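Colleague: I have a model open and I want to learn how to read it. Can we go feature by feature?

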Amino acid sequence: MRIVRRHRHGDVEAYELGYSHLGQPFMTVRFYRVGDLLIDSGQSRMQPEVVGLATERPFSRLLLTHHHEDHSGNAAAIQGATGAPVLGHPLCAEKLRGGFRILPYQELVWGRAAPLEVAPLPEVVEGEGVRLEPIHTPGHSKDLTIFLDRERGLLFSGDLYLADRIKYFRADERIADQIRSLRRAATLDFEGLLCAHRPVETGGPERLRRKLGFLEELVGEIARLHARGLGAHAIRRALPQDEVWGTVAFTLGNVGFIHLVRSTLAAIEAGELEGDRVRDAL
C-alpha cells in the first residue's frame, strides 16, 4: 500500500507519505514546503512520489532535521533531479557523506538513504517569504535540528515531539539530551508544532511540556527504583508502561521501553540528569 496525502497549515504545505508491503503502513512520514524551502524528504520507499511532489514547483534548498532514513531518504534523489543544495547539521553531513547502516526493519519500512554531500546550516536560513532559525536539539539523534518560523508561529520539530506520552525508545537515543532539548524548545515562541509524524495545529509549547513532564516523572520513578537496588529489567517490569513486545520483536530489539530505562540509568551514573524529581528520588 502506498499513501500520499496533502495537508495545509496556512501557507505551508505538508506531504504525508506511507508505505507498506501489506496492509496499513506502520507509520506515515511528512515533509514540508514553506516559502521556497523544503524540510525533510520522506522515505526512499516512496521516492517516485516524493520527487514528483518536490519538483512540482521550484524551490531553493532542502533542509534536513536529521539523518534518519525516513527524513533523509530522498534527499540525494531530489538533489539529483533539481541540483538544489541540501543543508543540515554537521553531524548529519557526517552520517550522509558515506552512507550509514540500517537494520532490516528500517530497510523494510523506510528504505535506505543514498549518500550525498550536505552543506552546513547557517545561523538563519532566509528564503522567499520565509526566515527559519535552526536549533540543535539532540536526544532522539545526535544531529536533530528543529526550525523555528517566528513570523508564522511554527516549529518544524522533526522527531523531537512524536507524542505526549511515548511507548518506544531507540537503543541509540539519549534521555538526558532529550529532556534538555524539550526544555529549550518549550520556551520558544510558536503555536503550531509541525512534527514529521504527528503535527499539532495549536498549543505546541504545551504539548512539548506534556511530553517533558511525562519523561521527567518517568525518570524520577526510575531513579527511585534504582536507589532501591533494582536493575534495568526489574525496573522496567515495575513501571506502569508495558513493553510492546511485537515492536521489540519486529525491530530485533532496537526499539523498546527497556532502552529508556537503560538510558536513564546511564545518565544517573554519569550525573547528567537534573531537576527536582530526580534529586528527590536520589
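Colleague: Let me start with Y168. Is Y168 buried, partly exposed or exposed?

Modeller: Remember first that this is a predicted model. Then look at relative accessible area. Under 20% is buried, over 50% is exposed, and partly exposed lies in between. Y168 has 34%, so Y168 is partly exposed.

Colleague: Where is Y168 placed in the chain?

Modeller: In a loop. That loop runs between β11 (154–158) and α6.

Colleague: Leaving aside neighbours within four places in sequence, which residues is Y168 in contact with?

Modeller: Read contacts as heavy atoms within 4.5 Å. With those neighbours left out, Y168 touches V244, T247 and V255. Now take V248. Y168 and V248 are 80 residues apart in sequence, yet their C-alpha atoms are 9.1 Å apart in space.

Colleague: Now the salt bridges. What joins D177 and R180, and how far apart are their closest N and O atoms?

Modeller: Look for a side-chain nitrogen of Lys or Arg within 4 Å of a carboxyl oxygen of Asp or Glu. D177 and R180 form such a salt bridge, with 2.6 Å between the closest N and O atoms.

Colleague: How are D177 and R180 spaced along their helix?

Modeller: Both sit in helix α6 (residues 175–185). They are three residues apart, so about one helical turn separates them.

Colleague: What about E206 and R210: what joins their side chains?

Modeller: A salt bridge, at 3.7 Å from N to O. Check the helix too. E206 and R210 lie in helix α7 (residues 204–227), four residues apart, which is about one turn. E206 is partly exposed at 35%, and R210 is partly exposed at 42%.

Colleague: And D172 with R170: how far is N from O in their salt bridge?

Modeller: The distance is 3.1 Å. D172 is partly exposed, with a relative accessible area of 45%. R170 is buried, with 15%.

Colleague: How many salt bridges does the count come to?

Modeller: The count is 24. For the charges themselves, the chain has 36 positive and 38 negative. Their mean positions are 4 Å apart.

Colleague: Now zoom out. How many helices and strands does the chain have?

Modeller: There are 11 helices and 12 strands.

Colleague: What radius of gyration would a compact globule of 282 residues have?

Modeller: Near 19 Å. The chain has 19 Å, so the value agrees with a compact globule. Along the principal axes it is roughly 60 × 40 × 30 Å.

Colleague: What share of the 282 residues is buried?

Modeller: Buried residues make up 57%. The accessible surface is about 12,400 Å², and 50% of it belongs to carbon and sulfur atoms.

Colleague: One last feature. How far along the sequence do the contacts reach?

Modeller: Take contacts between residues at least 6 apart in sequence. Of these, 64% join residues at least 24 apart.

Conventions. Residues numbered from 1 in each chain as written. Predicted model: local features only at pLDDT ≥ 70, side-chain atom pairs only at ≥ 80, totals over all residues. Heavy atoms only, no water. Helix = DSSP H or I, 4+ residues; strand = E, 2+ residues; numbered from the N terminus. Rg over C-alpha atoms; globule rule 2.2 N^0.38 Å. Buried < 20%, exposed > 50% of the residue type's maximum accessible area, 1.4 Å probe, protein only. Areas by Shrake-Rupley, 256 points an atom, 1.4 Å probe, with all protein chains shown as cover. Lys, Arg positive; Asp, Glu negative; His and termini not counted. Charge placed at Lys NZ, Arg CZ, Asp CG, Glu CD.
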